[in-house]
Amino acid sequence: MPKVDVTDHDGVKYVRYRCPGCKHDHSVPADRWSFSGDVEKPTLSPSVRHFIPADGKHFPVERTICHYFIREGFIEYCGDCEHNLRNQRVELPEMVEESE
């Protein structure tokens, strides 16, 4: 079963997958990351980092929410993640088809 899917939005391809740490889907534009093309054991390079930018008011400094590498079907979380899977390596879950 696939662990990622590749979708097209207005001519831009995105690689989408489920993040076990955040418990929702993440996606990245395929033209900005190197994607192995293997949907069952995907690898993305370089690392992916989701963050809240500093705004000078509510967030005086940039805040990392989730930061990880995806290698051969596993997600390897970095130590700067906010969730409890930081510094852990877990298998990417299979993508669940959306019901119509």
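Glu91 is partly exposed, at 49% relative accessibility. Here buried means under 20% relative accessible area, exposed over 50%, and partly exposed in between, with a 1.4 Å probe and protein chains only. The model is predicted: local features need pLDDT of at least 70, side-chain atom pairs count only at pLDDT 80 or more, and totals for chains, interfaces and linings use all residues. Residues are numbered from 1 along each chain as its sequence is written, and side-chain values use heavy atoms, without hydrogens and water.

**Salt bridges**

Side chains of opposite charge can pair when their charged atoms come close. A salt bridge is a side-chain nitrogen of Lys or Arg within 4 Å of a carboxyl oxygen of Asp or Glu. The count by this rule is eight. Glu91 takes part in one of them, with Lys3. This pair links distant parts of the chain, 88 residues apart. Lys3 lies in the segment before strand 1 (4–9), and Glu91 lies in strand 8. Lys3 is buried, at 8% relative accessibility.

Glu76 and Arg89 also meet in a salt bridge. They too join distant parts of the chain: Glu76 is in strand 7, Arg89 is in strand 8, and 13 residues separate them. Glu76 is buried, with a relative accessible area of 18%.

Arg18 pairs with Asp25. Arg18 is partly exposed at 35%, and Asp25 is partly exposed at 29%. Both belong to a network of salt bridges that also links Asp5 and Arg16.

| Salt bridge | N to O distance |
|---|---|
| Lys3 and Glu91 | 2.5 Å |
| Glu76 and Arg89 | 3.3 Å |
| Arg18 and Asp25 | 3.4 Å |

**The sheet**

Strands of a sheet pair through backbone hydrogen bonds, either parallel or antiparallel. Strands (E, at least two residues) and helices (H or I, at least four) are DSSP runs, numbered from the N terminus. Two strands pair if DSSP finds at least two bridges between them.

Five strands form an open sheet in the order 4-5-6-7-8, with antiparallel pairing. Strand 4 (34–35) and strand 8 (89–91) are the edge strands, and each pairs on one side only.

Strand 5 (residues 44–52) and strand 6 (residues 63–71) run antiparallel, joined by six bridges. Leu44 has Ile70 as its bridge partner in strand 6. Phe51 stands opposite Thr64 in strand 6.

Strand 6 also pairs with strand 7 (residues 74–77), over four antiparallel bridges. There, Arg71 has Phe74 as its bridge partner in strand 7. Two residues lie between the strands of this hairpin, and Glu72 takes a positive phi near 50 degrees.
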